[in-house]
There are 2 protein chains.
Amino acid sequence: MKNVFIIGCGLLGSSLVRRISKKKIAKKIFIFEKSKSNITKIKKLRLPGIIVKSLEDGVVNSDMIIFCTPMSEYKKIILKINSFILPNTLISDIGSSKIESSKIIKKFLKKGVHWTRSHPITGSEVSGPEYGKDNMFVGKWCILIKDKKTNSRHLKFLNSFWKKMGSKTVIMSPEKHDKIFSITSHLPHLIAYNLVKSAQDFEKVSKFNLIKYSAGGLRDFSRIAASNEIMWRDIFFDNKVHITKAIDLFIKNLKSFKVDINKKNNKSILKKLIQTKKVRTKIIKLKQDIDKPDFGRD
Amino acid sequence: MKNVFIIGCGLLGSSLVRRISKKKIAKKIFIFEKSKSNITKIKKLRLPGIIVKSLEDGVVNSDMIIFCTPMSEYKKIILKINSFILPNTLISDIGSSKIESSKIIKKFLKKGVHWTRSHPITGSEVSGPEYGKDNMFVGKWCILIKDKKTNSRHLKFLNSFWKKMGSKTVIMSPEKHDKIFSITSHLPHLIAYNLVKSAQDFEKVSKFNLIKYSAGGLRDFSRIAASNEIMWRDIFFDNKVHITKAIDLFIKNLKSFKVDINKKNNKSILKKLIQTKKVRTKIIKLKQDIDKPDFGRD
């Protein structure tokens, strides 16, 4: 690969820039960023990329383009680049849900141009290029999406690209991807937002100062509920079919817990509490989380 | 204070033993522990306390007794100690909910004996004396419960005791306590258990290997959902009135999120997501959580 073009240089975009430069994977890294405040930060951080003023400058000079913007930006950018994008250019993205956004891409991207989708399972509650890091993807899963139309040469290249980013890769259909992440990521985020919202509602009515006593559990949820609102609105809207199913399952189970609690059904509740405990052990064995109590926090 | 008696020497009981000894607050520390495996651990750890074989040995020789067992054990132990407990002995506990368990205490504890309740806001997903530490309570809130019957001399002593443990203390009615912690602690735990349960149900039906991809959010909930099942069953049963109200509020809000998502109501969802974000900043300002992204985990 000669040059790469990163569109959107926030937390993950800037992490790609850092890693690509460190591993010398491209000759030049072009960056497009629409936020003035992010541009100032990128310059101050001296990130190893060339900031371009127009999308055209980046697109025509690069072999690979990676969209690192919120998914709601895709359409606008596609319509802008259609007039100069070349069929051989590899286009990818890091979007967290795939079915709906793939429809947008299919509908608006110039015929004959390929977009091969990817989703690195990493991130943080903080946003912006100042929080990016060159090891952001190391040891993390990156999901590559394959459907009937996928260009297999591009897929192969993308696979090797993410391995160079340090990721473990796996190939999935968009449907399987959106189902899995509706449960492991999208629902947890929604639940965290919803819990914090409920605490705020309760605080307003009761006039108690709750947040002061958040160390007993609420604080954990508040971290996830501090995630970027534009990115998460896009994910919730994009994957609404599977998230709706996940919400329904969640409410069904919560109502069953409520019955157990009100009936003091010892056997039923203990069965649930003991069963859920096993997942933590599995997660730690799979190295998906730190093995220290309380995330090693205190 | 001459001697103190810790009944139940798990995570928090053993932390009290360590701290009391370190700060030389009592001459002797007696320990009662019914689990043989915990007794073996306590001996191996050389915890600075004397293990007693009968409750009587600890009770008659101590000025202060602290119950650190699950709340469901209180009744049985009260019935055993009633025949030799003296009116001047200060009794306390570290139970996480107060209204229902206070009724048990009131009903079964010998008349003329006082039990002054406390609740340190600390803990972990791990259990057992090997995880205790002498700074477990340092900088953490400890709630002291006051109602009409509270012995003010005991309350004053208990207040100074928890300050020596390193805690910041605050006095509350049992009602206020149970309301606040139904939202900041009990509901978050229930929600975490419920989310993991839903993921397990989904995994069973879909046959997808979900846990592998838990780094996107689920892993955080799995930590809380790994907490001690006996302790949490007791809390859910004990505070069922307020937890039920909290569940209802939570489901109401979740349904409203579902409507926003399905109608793609941009304005309404963004308002919620932006509003909840503010809580994280508040929690960090109040030093209720670490201020590093991702709990400083990676």
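View 1. A residue counts as buried if 20 or more other C-beta atoms, placed from the backbone, lie within 10 Å of its own. The model is predicted: local features need pLDDT of at least 70 and side-chain atom pairs count only at pLDDT 80 or more, whereas totals for chains, interfaces and linings use all residues. Residues are numbered from 1 along each chain as its sequence is written, and chains are lettered from A and ligands numbered from 1 in the order in which they are written. Among the buried residues of α1(A) are Leu11(A), Leu12(A), Val17(A), Arg18(A) and Arg19(A). Their cover includes β1 (3-7), β2 (28-32) and β4 (64-67) of chain A. Helices (H or I, at least four residues) and strands (E, at least two) are DSSP runs, numbered from the N terminus.

**View 2. Length and end of α1(A).** The 12 residues of α1 (residues 11-22) of chain A should span 16 Å at 1.5 Å a residue, which agrees with the 17 Å between the end C-alpha atoms. The expected span is 1.5 Å times one less than the number of residues. After α1(A) comes Lys24(A), with a positive phi near 50°.

**View 3. The sheet β6-β7-β8 of chain A.** Three strands form an open sheet in the order β6-β7-β8 (chain A), and the pairing is mixed. Its edge strands, β6 (118-120) and β8 (168-172) of chain A, each pair on one side only. Two strands pair if DSSP finds at least two bridges between them. The parallel strands β7(A) and β8(A) are joined by five bridges, and Trp141(A) stands opposite Lys168(A) in β8(A).

**View 4. Helices at the sheet.** Helix α6 (residues 152-164) of chain A lies across β6, β7 and β8 of chain A, at about 170° to β7(A). Helix α7 (residues 174-206) of chain A packs on the sheet and touches β6, β7 and β8 of chain A, its direction making about 145° with that of β7(A). Angles run from 0 to 180 degrees between N-to-C directions, with axes fitted to C-alpha atoms, for helices over the stretch in contact.

**View 5. Where the two domains of chain A meet.** The domain assignment, automatic or from a database, gives domain 1 (3-172) and domain 2 (176-264) of chain A. In chain A, 15 residues of domain 1 are in contact with 16 residues of domain 2, contact meaning C-beta atoms, placed from the backbone, within 7 Å. On the domain 1 side, α5(A) supplies the largest share, three residues.

Terms used: Buried ≥ 20, exposed ≤ 12 C-beta atoms within 10 Å, placed from the backbone.
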